[in-house]
Amino acid sequence: MPDTAQNKGRMLTFEILQYNPSDPQSKPHMVTYHLEETLGMTLFVALNMIREKFEPDLAFDFVCRAGICGSCGMMVNGKPLLACRTLTKNYPDGVLRLMPMPSFKLIKDLSVVTGQWMDGMSKRVESWIHSKEEVDLTKLEKRIEPEVADATFELDRCIECGICVSSCATALMRPDFVGAVGLNRVARFDVDPHDERTAEDFYELVGDDSGIFGCMTLLGCEDNCPKNLPLQEKIAYMRRKLANVKDTGGGLEIRVEG
Amino acid sequence: MKIQYCDALVIGGGLAGLRTAVATQEKGLSTIVLSLVPVKRSHSAAAQGGMQASLANSVMGKGDNEDVHFADTVKGSDWGCDQEVARMFVTTAPKAIRELAGWGVPWSRVKRGERSVVINTERTTITEADDAHGLITARDFGGTKKWRTCFTSDATGHTMLFGVANQALKDDVDIRERKELLSLIHKDGRCYGAVVRDLIDGELEAYIAKATNIATGGWGRVYRTTTNAVICEGTGQAAVLETGLGTLGNPEAVQFHPTPIVPSGILLTEGCRGDGGVLRDVDGYRFMPDYEPEKKDLASRDVVSRRMMEHIRKGKGVKSIFGDHLWLDISILGREHIEKNLRDVQEISMTFNGIDPADEGPKGWMPVRPAQHYSMGGVRTKPTGESPDLSGLFSCGEAACWDMHGFNRLGGNSVAETVVSGMIVGNYMADYCLENEIDIDTATIEAFVEKEEQNIREIMSRPLNDDSIFDIKRRMQEIMDDKVGIFRNGEELQEAVDELRELLERSRKVGIRYVTHASNPELVEAYRLPKMLKIAISIAYSALLRTESRGAHYREDYLKRDDANWLKRTLVRWSDPEATLPEVFYEELDIMKMEIPPAFRGYGRKGMTIEHPLSAERQAEVDRIREELEANGADRFEIQDALMPFDLPENYKEKNERQGIGYA
Ligand SMILES: Cc1cc2nc3c(=O)[nH]c(=O)nc-3n(C[C@H](O)[C@H](O)[C@H](O)COP(=O)(O)OP(=O)(O)OC[C@H]3O[C@@H](n4cnc5c(N)ncnc54)[C@H](O)[C@@H]3O)c2cc1C
Ligand code: SF4
Ligand code: FES
């Protein structure tokens, strides 16, 4: 069973940013709440208690509460995390300072617009299979090497939580940067044998400073990604691949190692 | 007043809604999808274990086909399902999975040669055929004869949802998030769209469409302990009830999953047991084989959940401050297998409970106890997905009672249903849009919007009393857990109904502290609560009236499945908005049309059925037809057609190819 028994009953302090940009009277300010810690308490549990007890209109987003849907990214003591997976017992001094993720439009308090941002990214990198093959649904599926399917799955695990974007200096400076999430998506379709796109095609989509050449390799994305995706490795790989397109002026069949 | 027009309006952006939208959009119809949350965060994302489709690629799936899948589904449903719909489903499922593969869902593939698996706690070697190499593989799941559940590790729902959502983006479906359906607009028995509230600015809008689809998922949150996401509150189904015309089917059919982790209720997939994991009690003893010698830990979910609770009641549970629980042991599968195929399970267990399930022995055992998981019931539809009560209103996915699950759904059959029903219902919905025009006047639309405006104004003008929305909601959830759970009896169900009715009255009077329109979670809770209570009352009241045990509905005071009196579907309608009880009536299931007439399921207790006289008669007829046709050299498709003909749109009825046997 959970090993949190020794922490039961501790008083926790939550400092939470409150601000409603749609209300002209509202100014960003921090509000402090105190809660007694319960066994195995997560920020999902704590924030709901605060809403029930003290602040019925406190805005935050949870859906799955299991670290699967990517809804609940927020800044916890300066670090972007999935709130539902954040256990209060991991904060020895019992103080948690909660802010909304930067780089996304604020709705209210801790709630930000990630969905439209991610849809924009998906459309920009054309996050779908490009294939001229007509699939006949009554016939056997296309064969895929098991290892290749696994490698595609590996990169398909991204939950579009936006934490990499909120960890990224380029994203803060350039709102049009596709982010690690977008570059990982390109790498995902690059390994998928169903997708017929070439390096030139991907270059068209992300071959500039708001794409693959915008990354400054500061590693914040990979450090914070809750799905532990190999973001730096994949970005570096795609950069080498697309840099080759640039060097050769495109249009050529290109081989890359990596 | 803002009015948006489109051809097809889909409420809900989970797997079912999005696949429907792709169907209508690809037929050239302007389609709008509305969702409470960004669609890729819909609860479909949380499905872990897999999707059933009878591909028969893996050696452990050999011999599988639509017929075997059909029989498993019917038995699983405890004969409560609509067999015609189950047939439509099993025939389309292989096509659905192949379509998804083409859309990039990275299904795990068969690798030729030997591999080591755990079956019945023994490590065994199986050999995959050369000619199956690279095709989609499958794992074992409860209540199935063959290994039929296709998967991407244990993140199947996530990869499926991204695959379908990306296809919808490609097709330029108009997807709008943070939009909530409040009520349906209807006139003269036809549905014309919905009144919708924007969850950011609080504005109400009317969406007017030729056809409207309710694909709003399950209603698990009327229970306190549930595997469902926090947005699974049944508000879509409640909107159908609130038309006073639409009906819900079998609301009492609620599934409890055997292995949510304690205390958070987060699910650990059935794939844990499918891959060879087992349940253990306080003594570390594997108890399921004592109860279910044949299917053991992999009997259907209703059976396993009850056996677990029975074992706990015998004092064999593990005591904890969160109540008694049992253990789920997957450590016997080995670290390598867990880190590849049960990775989210490992992550959940480590994050929330600090237990690494790959650690050998008791150290790695995870605490589990059954909890609410799935709603078999929902918006009653015809096989086309259209409501029998309101034309132009469709429903599919977990929100619907299309009725392929009856009184118990098999694991892996739900995500399969979402995409299959999206394909089928989406097509029928498109046909409806092509055949019908929008002919509704703005005065009617305005009246529906005004009614919702009025409701919100009324809530905001209520004086504060000493009641609280959160208290009422919690009490409702406790009642559902305690009195409308796995074991049910007349006395407690009556108490539940009585108290839920009082809560509904209270919910109509409770005031709120903040009276702003925009982004106000308290207001949202306030207008959703009466809707949730109507769902809860529908469940409890239908459960009270059904005096038999069938599938997941288990009455301690009526232990037998009573085919003689209860081979029928519950229908619930709420015609009087002021009432605190709905009307309940029934729809008979026609045994003489069944392909498989009622019999013993092959698991669970024997001799617990009150038989219907027609069951034997129909069985004799089925046997006779089969024998005659076989003697004339008919194949399985011709025999099936003679027993129970069914229709499908597009080319979905065509035969499915299988490796090594072609279209046999
Ligand atoms: C933890 C878990 C694991 C599971 N694992 C499996 C599995 O392995 N295999 C399997 O077959 N099944 C599994 N299931 C079941 C399966 O995942 C669901 O039944 C299925 O995904 C439901 O899909 P859906 O499209 O019907 O609804 P959902 O995916 O729940 O989508 C509902 C949509 O409706 C929207 N919505 C709801 N109400 C409103 C409203 N009032 N207004 C506007 N929009 C609204 C939501 O925003 C959402 O977009 C699992 C379920 C759970 C809970
Ligand atoms: S790459 Fe990782 S951090 Fe970025 S959105 Fe995906 S899951 Fe989140
Ligand atoms: S609520 Fe789904 S990831 Fe946190």
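In this predicted model, the side chains of Glu15(A) and Arg97(A) meet in a salt bridge, with 2.7 Å from N to O; the term stands for a side-chain nitrogen of Lys or Arg within 4 Å of a carboxyl oxygen of Asp or Glu. The pair ties together distant parts of the chain, 82 residues apart: Glu15(A) sits in strand β1 (residues 11-18) of chain A and Arg97(A) in strand β5 (residues 95-99) of chain A. Strands (E, at least two residues) and helices (H or I, at least four) are DSSP runs, numbered from the N terminus. Over all chains, a search of the whole structure finds 91 salt bridges.

Both of these strands, β1 and β5, belong to an open sheet of five strands in chain A, with mixed pairing and the order β2-β1-β5-β3-β4. Its edge strands are β2 (29-36) and β4 (79-82) of chain A, each of which pairs on one side only; strands count as paired if DSSP finds at least two bridges between them. From one strand to the next, the twist averages 35°, an angle between N-to-C directions on a scale from 0 to 180 degrees, with axes as lines fitted to C-alpha atoms. Strand β3 (residues 73-76) of chain A runs antiparallel to β4(A), and four bridges join the two. Within this pair, Gly73(A) stands opposite Leu82(A) of β4(A).

Turning to chain B, the shell of ligand 1 has 39 residues, of which Ser42(B), Ser44(B), Glu398(B), Ser414(B) and Val415(B) come nearest; a residue is near a molecule if one of its heavy atoms lies within 4 Å of it. Polar contacts (pairs of N or O atoms within 3.5 Å) involve the backbone: an oxygen atom of ligand 1 lies 2.7 Å from a polar backbone atom of Val415(B), and a nitrogen atom of the ligand is 2.9 Å from one of Leu181(B). The protein buries 98% of the 1000 Å² that ligand 1 exposes when taken alone, by accessible areas from the Shrake-Rupley method with a 1.4 Å probe. Among the elements, α11(B) gives the most to this shell, with four residues.

Ligand 2 is surrounded by residues of chain A, including Cys158(A), Cys161(A), Cys164(A) and Cys225(A). Its shell divides into 10 nonpolar residues, one polar and one charged, whereas that of ligand 1 holds 14 nonpolar, 21 polar and four charged.

Residues are numbered from 1 along each chain as its sequence is written, while chains are lettered from A and ligands numbered from 1 in the order in which they are written. Local features need pLDDT of at least 70, side-chain atom pairs count only at pLDDT 80 or more, and totals for chains, interfaces and linings use all residues, with side-chain values based on heavy atoms, without hydrogens and water.

Technical notes. Nonpolar A, V, L, I, M, F, W, Y, C, P; charged D, E, K, R; others polar. Polar contact = N/O pair within 3.5 Å; in protein donor to acceptor, adjacent residues only side chain to side chain.
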